[in-house]
Amino acid sequence: MGNRHEDGVRARIREMAARDPDRKRFGASTHRYALAPRLPEAEIRAFEKTHGIALPGEYRSFVAVVGDGPAGPGHGLMPLTVPRPETDEEWAVDDAWAEDRLPGRLAAPFPLAEPLPGRLGAPVDALTRGTLMLAEQGCGGFDRLVLNGPYAGEVWQIDPDWGGFVPVSPGFRAWYTDWLAGP
């Protein structure tokens with residue numbers, strides 16, 4: 001998302017909020033159609049250096065130009081560099097967010113050579129290395145951004161009990177734009 005898209009994204013989020021004042025759309029009561037401030041370039045570079053990764057360009061551009069969540073798909077876009085301010089609520093997603101930031105986890109190779117539809121038999125931890133959690137979809141389902149390997153830049157959804165671990169979008173921009181285009 002380049003600079004020319006920032007105003008359009010912000011305007012669409014304001015429009016969505018105006019059409020849903022009671023926050024009945026899935027996840028709206030969590031993200032509240034709010035956008036956190038943009039991340040400074042130095043903070044993004046420091047995150048990448050600390051974790052030994054290069055963030056996919058579309059996502060990197062979004063947090064630098066538009067904002068660091070939370071308005072977004074599911075229960076909202078997770079922040080990149082600092083925990084959610086509501087972490088005292090003990091939401092299970094906060095543990096997943098913290099686990100992503102363990103040393104070496106984001107830089108680890110993405111372990112899948114192909115999608116895994118259906119119920120997962122492997123531990124989720126082993127499958128999600130090399131991915132960054134973007135949003136929680138509820139009931140243990142998460143959207144994750146693949147950071148390396150042949151699927152780098154794609155958004156995959158993991159639902160261990162029903163849906164498996166499968167691609168849902170070719171990139172961050174399409175994933176987020178699909179949410180913006182929703183009702």
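This is a predicted model: local features need pLDDT of at least 70, side-chain atom pairs count only at pLDDT 80 or more; totals for chains, interfaces and linings use all residues.
Biologist: Which residues have the most contacts inside the largest nonpolar core?

Modeller: Leu-55, Tyr-59 and Tyr-176 do, in a core of 29 residues. A nonpolar core here is a set of buried Ala, Val, Leu, Ile, Met, Phe, Trp, Tyr and Cys residues joined through side-chain atoms within 4.5 Å. Two or more residues each come from α1 (3-19), α3, α4 (57-65), β2 (131-138) and α7. Of these, α7 gives the most, with 5 residues. Another core lies apart from that one and has 15 residues, including Val-93, Ala-96, Leu-112 and Trp-156.

Biologist: What is the average pLDDT of the protein chain, and where is confidence lowest and highest?

Modeller: pLDDT is the predictor's confidence in each residue, from 0 to 100. The chain averages 89, and 93% of the residues score at least 70. Helix α5 (residues 92-100) has the lowest confidence, a mean of 81, and helix α3 (residues 41-51) the highest, at 97.

Biologist: How many helices and strands does the chain have, and what makes a run count as one or the other?

Modeller: There are 7 helices and 5 strands. In sequence order the pattern reads α-α-α-α-α-β-α-β-β-β-β-α.

Biologist: Why is the chain called as compact as a globular protein of its length?

Modeller: The radius of gyration is taken over C-alpha atoms, and the globule rule is 2.2 Å times the number of residues to the power 0.38. For 183 residues the rule gives 16 Å, and the chain has 16 Å, close to that figure, so the chain is as compact as a globular protein of that length. The C-alpha trace spans about 40 × 35 × 35 Å along its principal axes.

Biologist: Why does Phe-172 count as buried?

Modeller: Buried means under 20% relative accessible area, exposed over 50%, and partly exposed in between (1.4 Å probe, protein chains only). Phe-172 is at 1%, so the residue counts as buried. Tyr-176, at 0%, is therefore buried too.

Biologist: What makes Ala-174 partly exposed?

Modeller: Its relative accessible area is 29%, and the partly exposed class is the one in between buried and exposed. Ala-174 sits in helix α7.

Biologist: How do you know that Phe-110 and Tyr-151 form an edge-to-face pair?

Modeller: The structure holds 11 aromatic pairs. The centres of the Phe-110 and Tyr-151 rings are 6.2 Å apart and the planes stand at 85 degrees, so this pair is edge-to-face. The rule is that rings of Phe, Tyr and Trp (its six-membered ring) pair if their centres lie within 6.5 Å; planes under 30 degrees apart are stacked, over 60 edge-to-face, and the rest tilted. Phe-110 belongs to the loop between α5 and β1 (116-117) and Tyr-151 to the loop between β3 (141-146) and β4 (155-159), 41 residues apart, so the pair links distant parts of the chain. Both Phe-110 and Tyr-151 are buried.

Biologist: What type of aromatic pair do Phe-172 and Tyr-176 form?

Modeller: Stacked: 5.8 Å centre to centre, with 20 degrees between the planes. They are 4 residues apart in helix α7 (residues 172-181), so about one helical turn separates them.

Biologist: Which residues does Tyr-59 contact, leaving aside neighbours within four places in sequence?

Modeller: Leu-77, Met-78, Leu-80, Leu-132, Leu-134, Leu-145 and Phe-172, where contact means heavy atoms within 4.5 Å.

Biologist: What is the phi of Arg-23, and what is the phi of Arg-32?

Modeller: Phi of Arg-23 is near 55 degrees, a positive value in a residue other than glycine. Arg-32 also has phi near 55 degrees. Arg-23 lies in the loop between α1 and α2 (28-31), and Arg-32 in the loop between α2 and α3.

Biologist: Where is there a cis peptide bond?

Modeller: Between Gly-69 and Pro-70, with omega about -10 degrees. Pro-70 is in the loop between α4 and α5.

Technical notes: Residues are numbered from 1 along each chain as its sequence is written. Side-chain values use heavy atoms; hydrogens and water are left out.
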